[in-house]
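This briefing goes with the sequence and structure shown below.

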Amino acid sequence: MATTPPGLPDRIQHYIDGALVDSANGETFDVIESTTNQPYITCASGQQADVDAAVAAATKAFDSGPWPRMLPRQRAAILNKIADEVTALNDELAAIESFDSGLPIRQARGQANRAAENFRFFADLIVAQVDGAFKMPGRQINYVNRKPMGVAGLITPWNTPFMQESWKLAPALASGCTVVLKPAEFTPVSAQLWAGIMERAGVPEGVFNIVHGFGESAGDALVKHPDVPLISFTGELGTGKIIYGNCARHMKHMSLELGGKSPAIVFADADVEAALDSTLFGVFSLNGERCTASSRILVERPIYDRFVAAYAERASRIVVGPPSDPDTEIAALVHPEHYRKVTEYIEIGKSEARLVAGGSRPEHLSKGNYVQATVFADVPPTARIFQEEIFGPVVAITPFDTEEEAIRLANDVEYGLAAYVWTNDVARAHNVAGAIESGMVWINSHNVRDLRTPFGGVKGSGLGHEGGYRSLDFYTVQQSVHVRLGDVHTTRFGATGYADGDLGLGGPSA
């Protein structure tokens with residue numbers, strides 16, 4: 001078993017109304033360390049009573065506390081303090097994230113800076129934000145009054161958990177909402193850092209709350225709670241469909257990001273070396289546990305054999321090792337349950353396609369959730385490894401002959417989150433990108449994010465978009481206010497003498 005990072009508490013508790021507390025009924029669960037699959041810490045397991053307490057605290061803070069009523073610059077100052085606190089914890093956070101999730105330490109070290117940038121970005125955005133005003137000179141002025149929605153329920157995934165939590169926390173808090181965060185049960189440890197961060201930054205009590213636990217208990221109670229008007233969820237498609245149905249009863253606002261099976265289309269005229277670098281990184285970084293992974297690579301026939309051979313050779317040299325080793329490129333998958341899923345897909349793939357790299361546990365790692373970088377070639381579009389999200393270090397490579405076939409193959413799955421196009425033909429790059437059914441497309445690049453752009457998918461990959469102003473739109477109500485400045489013609493119902501055809505519309509609207 002790896003050495004437990006310093007600074008961890010004896011146990012993980014909920015954080016409700018400014019205090020760390022156990023579950024109301026005392027229930028806990030074990031958190032498992034991924035290199036041995038042994039429990040190393042206990043975590044409070046939230047139930048309905050714990051969610052009720054957290055929502056009550058958040059509701060009180062929203063209804064009568066200062067947070068929603070602060071000027072944007074006042075909230076921005078606190079958001080920047082949060083970012084400073086996050087940055088200061090970089091080394092501690094990296095060690096915890098790597099130990100708890102199995103993320104290679106070399107990839108965990110950037111998580112704090114990315115999380116901090118999310119808070120700085122939305123601090124700037126709320127100060128610079130301009131809402132619309134629409135004038136009808138001498139008659140009426142119309143403007144948008146933007147108001148925070150209320151208590152936001154945030155349910156986050158287990159891959160890069162701290163940074164994913166920041167993606168939701170930053171815009172929710174920036175908008176003036178109060179929040180209840182439900183972290184993933186596989187990786188709850190780094191979320192414990194948020195309590196101290198929020199306190200030191202000056203976030204008022206009750207504005208930020210955490211309830212740990214399982215999706216079917218804590219998550220379900222949060223989604224169904226009548227005093228939580230919006231839910232932001234990142235996770236898998238099956239759970240997203242359940243949340244979609246459960247939100248309907250109270251007409252909740254939803255943002256659902258539900259994963260993907262993202263294609264990378266490599267045309268014969270592409271920079272093949274750059275495409276190799278990008279697609280290898282795109283599926284094997286973060287242990288392959290990433291929603292935007294380029295897990296289906298579609299390669300034009302003239303370069304197909306050369307590409308497959310080069311890709312397999314590179315994949316076979318990827319270093320699989322302990323998360324704490326700075327040379328490790330792929331470490332342990334997050335949990336034995338997920339390890340079983342990934343390895344089952346590898347066995348399925350062996351009967352569906354040609355295995356050209358990996359496909360088993362590394363010989364030097366006899367225990368823990370380790371999987372070699374695994375590459376299948378000649379994968380038919382009907383194969384399960386082509387159609388279904390594996391969420392691990394497994395890639396499917398398929399040939400195509402025409403641009404039309406490439407587009408058809410790219411779209412021939414249930415998902416539509418991301419896509420990647422590799423070509424030096426500018427017109428083709430734009431035309432193919434526009435024809436792909438996905439929420440995001442990168443041309444000659446892996447997924448380098450611009451925080452101003454919308455993030456989200458289509459089809460089975462989700463509902464709604466966040467990112468930039470779209471995040472602020474999601475967490476706020478945009479109320480149109482119309483002010484009379486002069487005489488407004490009104491048909492006098494019940495009076496006599498108005499002309500036939502006078503509908504009382506007051507003439508043209510602008």
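At 14% relative accessibility, Phe391 counts as buried (buried means under 20% relative accessible area, exposed over 50%, partly exposed in between, with a 1.4 Å probe and protein chains only). The model is predicted: local features need pLDDT of at least 70, side-chain atom pairs count only at pLDDT 80 or more, and totals for chains, interfaces and linings use all residues. Residues are numbered from 1 along each chain as its sequence is written, and side-chain values use heavy atoms, with hydrogens and water left out.

**Positive phi**

- Most residues other than glycine have a negative phi.
- Phe391 is not a glycine, yet its phi is positive, about 65°; Phe391 sits in the loop between H13 and E17.
- Asp378, also not a glycine, has a positive phi of about 55° and belongs to the loop between E16 and H13.
- Asp378 is partly exposed, at a relative accessible area of 36%.

**Helix H12**

- H12 covers residues 336-350, and its 15 residues reach 21 Å from first C-alpha to last, close to the 21 Å expected at 1.5 Å a residue (the expected span is 1.5 Å times one less than the number of residues).
- Helices (H or I, at least four residues) and strands (E, at least two) are DSSP runs, numbered from the N terminus.
- The buried residues in H12 are Pro336, His338, Tyr339, Val342, Tyr345, Ile346 and Gly349.
- Those buried residues pack against strands E4 (28-33), E16 (374-377) and E17 (394-400) and against helix H13 (384-387), where contact means heavy atoms within 4.5 Å.

**Helices H8 and H9**

- H8 (residues 215-224) and H9 (residues 237-248) pack at about 35°, their axes 8 Å apart; axes are lines fitted to C-alpha atoms over the stretch in contact, and angles run from 0 to 180 degrees between N-to-C directions.
- From H8, Asp220, Val223 and Lys224 meet Ile243, Asn246 and Cys247 of H9.
- This contact has 3 nonpolar, 1 polar and 2 charged residues (Ala, Val, Leu, Ile, Met, Phe, Trp, Tyr, Cys and Pro count as nonpolar, Asp, Glu, Lys and Arg as charged, and the others, Gly among them, as polar).

**Whole chain**

- The protein chain has 16 helices and 21 strands.
- Its radius of gyration is 25 Å, close to the 24 Å that the globule rule gives for 510 residues, so the chain is as compact as a globular protein of that length; the radius is taken over C-alpha atoms, and the rule is 2.2 Å times the number of residues to the power 0.38.
- Buried residues make up 56% of the 510 residues.
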